[in-house]
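Please keep the sequence and the structure in view while reading.

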Amino acid sequence: MKKIRHIQIMSLVGVSLFLSSCETLSQGGFTLPPQGTGSTGSNTGGSGSSTSSGTITQAEANTGIKQALNNGLQASIKTLSVKDGFLGDAAVKILMPEEARKVESALRAIGMNSLCDQFIASMNRAAESAVKEASSVFVNSLSKMTVNDAFNILLSGQQDAATNFFKRSTSSELTTRFSPIVESAMGKNNVSTYWNQLTTAYNQLPLSNKIETNLTAYVTQKAIDGLFVKVADQELKIRQNIGGARNSGILDKVFGWVDKQQG
């Protein structure tokens with residue numbers, strides 16, 4: 001009898017551990033939708049359809065989050081890759097490197113505003129050229145996204161969960177892709193020339209210290225930072241349906257379901 005009781009207890013422990021693992025997968029208590037085809041047509045009695053059940057399938061969730069992310073990513077790239085995409089937007093505009101701000105202040109104080117403005121504009125032009133390369137990097141990252149990744153993004157409760165996913169999965173490749181483009185664009189936009197003029201003029205001032213900055217690395221990182229600022233903006237619009245950002249049936253269905261889960 002004791003042996004049977006022991007087996008029962010161990011079985012209960014096993015079930016408890018299994019349910020605990022399911023709880024982890026279901027994101028803090030949310031119930032994961034069933035697997036299925038993701039069909040949005042009329043329910044004919046098959047278990048794959050979710051139209052009449054008030055839920056969504058895992059396939060629909062996966063499709064929905066990828067569509068949402070692709071929409072947001074492409075919109076961000078389009079916004080930033082045009083002329084003044086960086087320069088004309090205070091939220092992402094690339095300013096002088098922090099360690100060179102004293103250069104800017106000193107030169108503006110002696111009437112060299114034009115040179116400073118030209119240099120800042122040239123850095124932003126380089127970023128606008130480089131950001132176009134992000135599209136293929138993001139598409140590659142989306143293709144590798146798993147169902148678990150999708151649900152982590154959908155149900156984490158974080159308004160920038162998708163943006164953080166892409167930061168983790170694309171930053172290294174973006175840096176590799178952006179760097180040569182930034183370097184080339186800086187040459188075309190005379191960034192190095194303006195920088196040399198700036199530092200030469202500054203180094204001739206009394207009591208100045210020599211300024212050394214890796215401009216390619218600086219502009220590359222600022223371009224990536226600015227891109228993710230815009231991606232986060234787009235993600236928020238879709239999550240909160242700002243301006244009708246859920247502009248397709250699948251987006252409306254998936255994020256409407258998420259709203260109910262988190263409500």
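N241 is partly exposed, with a relative accessible area of 31%; buried stands for under 20% relative accessible area, exposed for over 50%, and partly exposed for what lies in between (1.4 Å probe, protein chains only). The residue sits in the loop between α9 and α10. Helices here are DSSP runs of H or I with at least four residues, strands are runs of E with at least two, and both are numbered from the N terminus. N241 is not a glycine, yet its phi is positive, at about 55°. Most residues other than glycine have a negative phi, and most peptide bonds are trans.

D84 has a positive phi as well, of about 70°, and is not a glycine either. Its place is in the loop between α2 and α3. With a relative accessibility of 35%, D84 counts as partly exposed.

## Basis of the model

The model is predicted: local features need pLDDT of at least 70, side-chain atom pairs count only at pLDDT 80 or more, and totals for chains, interfaces and linings use all residues. Residues are numbered from 1 along each chain as its sequence is written, and side-chain values use heavy atoms, with hydrogens and water left out.

## Overall fold

The protein has 10 helices and zero strands. Along the sequence the pattern reads α-α-α-α-α-α-α-α-α-α. Of the 263 residues in the protein, 40% are buried.

Contact means heavy atoms within 4.5 Å. Among contacts between residues at least 6 apart in sequence, 75% join residues at least 24 apart.

## Helix α8

Helix α8 covers residues 191-203. The expected span of a helix is 1.5 Å times one less than its number of residues. For the 13 residues of α8 this gives 18 Å, and the end C-alpha atoms are 18 Å apart, which agrees.

Which residues of α8 are buried? They are V191, Y194, W195, L198, T199, A201 and Y202. Seen down the axis of α8, these buried residues fall within an arc of 160°, so they line one face of the helix; the arc is that of the directions from the helix axis to the C-beta atoms. An α-helix has 3.6 residues a turn, so residues three or four places apart point the same way. The buried residues of α8 pack against α3 (101-109), α4 (113-130), α7 (161-188) and α9 (215-240).

In α5 the buried residues are A134, V137, F138, S141 and L142. Down the axis of α5 they fall within an arc of 135°, so they line one face of the helix. Their packing partners are α2 (58-80), α4, α7 and α9.

K144 lies in the loop between α5 (134-143) and α6 (147-155). This lysine is exposed, with a relative accessible area of 59%. K144 and S169 are 25 residues apart in sequence, and their C-alpha atoms are 9.7 Å apart in space.

## The contact of α6 with α10

Two packed helices are described by the angle between their axes and the distance between the axes. The axes of α6 and α10 (residues 249-262) come within 10 Å and cross at roughly 60°; axes are lines fitted to C-alpha atoms, for helices over the stretch in contact, and angles run from 0 to 180 degrees between N-to-C directions. The two helices are therefore oblique to each other. Angles under 35 degrees count as roughly parallel, over 145 as roughly antiparallel, 65 to 115 as roughly perpendicular, and the rest as oblique.

From α6, the residues F151, L154 and L155 meet V254, F255, W257, V258, Q261 and Q262 of α10. The residues of this contact divide into seven nonpolar, two polar and no charged. Ala, Val, Leu, Ile, Met, Phe, Trp, Tyr, Cys and Pro count as nonpolar, Asp, Glu, Lys and Arg as charged, and the others, Gly among them, as polar.

## Polar and charged residues within helices

E104 is found in helix α3. Is E104 buried or exposed? E104 is buried, with a relative accessible area of 15%. Leaving aside neighbours within four places in sequence, E104 is in contact with M96, C116 and I120.

Q58 is found in helix α2 and, at 17% relative accessibility, counts as buried. Q58 and F151 are 93 residues apart in sequence and 8.7 Å apart in space, C-alpha to C-alpha. Q221 lies in helix α9 and is partly exposed, with a relative accessible area of 39%. Between Q221 and S171 there are 9.2 Å in space, C-alpha to C-alpha, and the two are 50 residues apart in sequence.
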